[in-house]
Amino acid sequence: MAGTGKAHLRDDQNVLLRVEDLVVEFPIGRTGLKVNAVSGISFDVLKGETLGIVGESGCGKSTTGRAIMQLPSPTSGSVIFDGTELTTLSGEAMREARTKIQMIFQDPISSLNPRRNVRDIVLEPLSIWKRGTNAEQLAAVDKILEHVGIDPQRAAESKPHQFSGGQCQRISIARSLVLNPQMIICDEPVSALDVSVQAQVVNLLEDLKKEFELTLVFIAHDLAVVKNISDRIAVMYLGKICEVSSSDDLYRNPAHPYTDVLLSSIPVPDPTVAIKKISVEGEPPSPVSPPAGCRFNPRCPNASDRCRSEEPTLREIEPGHFVACHHPLTGGEVPVTVRSN
Amino acid sequence: MNQSEMVRSEHEPLVETIDVKTHFKTARGIARAVDGVSIQIRRGQSLGVVGESGSGKTVLSRSIMGLLPRNGVIREGSVRYQGQEIGNRSDKEMQSIWGREMAMIFQDPMTSLNPVMKVGKQIAESLRKNLGMSATEALAVAEKLLHDVRIPEPARRLNQYPHELSGGMRQRVMIAIAMACGPNMLFADEPTTALDVTVQAQILELLSEQKRERNMSLLLVTHNLGVVAGYTDEIAVMYGGKVVEKAPTKTLFANTKMPYTEALLSSIPRLDQPSHSRLSTIPGRPPDIVHPPKGCRFAPRCAYVRDLCLNEEPELQQADSPDHTYRCFYPVGSPEYLERRVELTRKGELVESEGSN
Ligand SMILES: Nc1ncnc2c1ncn2[C@@H]1O[C@H](COP(=O)(O)OP(=O)(O)OP(=O)(O)O)[C@@H](O)[C@H]1O
Ligand SMILES: Nc1ncnc2c1ncn2[C@@H]1O[C@H](COP(=O)(O)OP(=O)(O)OP(=O)(O)O)[C@@H](O)[C@H]1O
Ligand code: SF4
Ligand code: SF4
Ligand SMILES: [Mg+2]
Ligand SMILES: [Mg+2]
């Protein structure tokens, strides 16, 4: 079976989301070709856990998030949320399920209705689902707006374009919170925010997580933020998962050569530190005709013949640390348990 | 160009704003989005603009570019480009400046790209309009530009619509459009927020290359202090529509004066902290720009506030070096600052680990 393996899936009754062999393809016109956006990935998230997803632009992170929400349904594979298989749900049942999983999108401004005032935008999900009386709805909305640092009074009087980019992102976070979801998929939720608000939002998400046993999938490019908020991190490359590990361990001990490149490209907020020259060579790969074997092989400094023909599967190199690589950077020192599916 | 003109243009700023104010008429009253900003950008120089969300960074860039809504805007002050006043020009007069002289990478790629036009055509249109290229020529150049911004398979991408691209690719299309006509002055509003760190590094390298090779000037709006640290010569920190501290990049980090700048720097999540560390934040909200506080605009949130700050607005002060200015009565390192710091530490209100790096 093509895919990156399932050794990292956990047999735990607290699993809230389990994704297996997820494949998402987009046909290209009438050419018969297709974009392999996500190519058979598996992962799980426990109740109350935060899973971070990082990886190169275009590697399929947003597509994965959307496939969980069935926006659109994946080409194949299974998405089990709270014991329910979502890929076969009817339209009505799926709409209901979507109140329990919310998604915060990457483009803050375009995801808000430009013609309505901001308080109504945040209130809308409550009125669609008829949750509580009108007064209760307004009280809930104002509380959430306060929480994310938007003045409710101003929200009642203003449209989205009258707010800055960062303010719009906080508004969409508020909107995603009003229905009290079990899980939130955050697609770049803080990348439009300045550091101080970003810190507030990260702290806020952490608080909400504790308060409501909220489970998070957190997609982001800022690796320091991802490290801070996540319990576990999955690194994606060209539609595959190449490394899964606890957050602290991943940063201390990256095992996949791509993870290593990613971590070493982080800009340091210190002008006396010289900028590192980018260490990843070659063209970004094509998701239309991905390379055979390991998908990172054309750009990997350690690639061998085996890497060009045989696809590596995820295996555990230390407890809780999984890597899909034939020659992992930290695999040498530790006993390797090969457990492929 | 003769010798004396060369010398003059080296020293004269390419872009200069003098006490620029951009206010919006809103239902609640006048919103002072940009409230008296004076900055200068020389040729080949890059100025980083940082500051909280809503502090006026985008409106400042748009004010210089002349890209403001037609109605309900009150503009004051002077905007000069190559020594000429452009603040009062009409859209029609600005046409010759947009694209070739000044270009802008907008913050939100999805709302600035036309959703029903293929990306190749969108880039080509700008080339045809501004540089008079033929349709086929423009498409060939568009492909090259997509290649330059590291978009894989540029030829295939030309024929795609914006929604078919990933977020980071859309952002790079915006960059390609802005770079298309080789501007002298580029405004880049959060150009790399949707990009992963490897592509981010490549894009910033590309912008620096243009800066070096073509002597392009760059105004880089970003909230990523790692990015400004590495890629700017000077930084302006904005708060509530004003520049509250401005200094060469190294000086700003090494010799911070404004308590606001200091608070901003300490809220950066750091890789050397374990996960789930509580991030240090700035309490309270950004100022209401319709009814700004009377004294220092940061006073309601400042840990070092004293009576004077609440009643009087601090003027621009000069720090040890002439190109370092700030607005604060009790800057970092002053006796009052140090005294308050001792109190705060004693009360346990100063939790962030100082100097652990
Ligand atoms: N509707 C679509 N039609 C065709 N191709 C698509 C579509 N949506 C996404 N893709 C392609 O699928 C791949 C993965 O895109 P995706 O948006 O998931 O990337 P991403 O990891 O979220 O990237 P970024 O970090 O830039 O947001 C890309 O090559 C993209 O162009
Ligand atoms: N057309 C408008 N009408 C009324 N107010 C506006 C308008 N455009 C911007 N504002 C207000 O002006 C202030 C400055 O906005 P601006 O977009 O410049 O912020 P910013 O510093 O770029 O923030 P961000 O980092 O979130 O993008 C904000 O309070 C915003 O709400
Ligand atoms: S499997 Fe081979 S090519 Fe792939 S990352 Fe590991 S060493 Fe590099
Ligand atoms: S002037 Fe006063 S309130 Fe304003 S930043 Fe300085 S110390 Fe704080
Ligand atoms: Mg994305
Ligand atoms: Mg902005």
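A polar contact is a pair of N or O atoms within 3.5 Å. In this predicted model, a polar side-chain atom of R157(B) lies 3.1 Å from an oxygen atom of ligand 1. A polar side-chain atom of S57(A) lies 2.6 Å from a ligand 1 oxygen. From E164(B), a backbone N or O atom is placed 2.9 Å from an oxygen atom of ligand 1. Taken alone, ligand 1 exposes 640 Å², and the protein buries 91% of that.

Ligand 1 lies between chains A and B. Around the ligand are 22 residues, of which S57(A), G58(A), S62(A), T63(A) and G168(B) come nearest. The shell comprises 7 nonpolar, 11 polar and 4 charged residues. At least two shell residues come from each of strand 2 (34–46) and helix 1 (61–68) of chain A, and helix 8 (167–179) of chain B.

The two chains also meet each other. In chain B, 64 residues are in contact with 70 residues of chain A. Together the chains bury about 5200 Å², with 57% of it on carbon and sulfur atoms. There are 2 salt bridges between chain B and chain A. R28(B) forms a salt bridge with E157(A), where the closest N and O atoms are 3.6 Å apart. On the side of chain B that touches chain A, helix 9 of chain B gives the most, with 7 residues. That side divides into 21 nonpolar, 26 polar and 17 charged residues.

Note on methods: Residues are numbered from 1 along each chain as its sequence is written. Chains are lettered from A and ligands numbered from 1 in the order in which they are written. This is a predicted model: local features need pLDDT of at least 70, side-chain atom pairs count only at pLDDT 80 or more; totals for chains, interfaces and linings use all residues. Side-chain values use heavy atoms; hydrogens and water are left out. A residue is near a molecule or strand if one of its heavy atoms lies within 4 Å of it. A polar contact is a pair of N or O atoms within 3.5 Å; within protein, one must be able to donate a hydrogen and the other to accept it, and residues adjacent in sequence count only if both atoms are side-chain atoms. Accessible areas come from the Shrake-Rupley method with a 1.4 Å probe; for residues, only the protein chains shown count as cover. Helices (H or I, at least four residues) and strands (E, at least two) are DSSP runs, numbered from the N terminus. Ala, Val, Leu, Ile, Met, Phe, Trp, Tyr, Cys and Pro count as nonpolar, Asp, Glu, Lys and Arg as charged, and the others, Gly among them, as polar. Contact means heavy atoms within 4.5 Å. Buried area is the accessible area (1.4 Å probe) that two parts lose on being put together, summed over both. A salt bridge is a side-chain nitrogen of Lys or Arg within 4 Å of a carboxyl oxygen of Asp or Glu.
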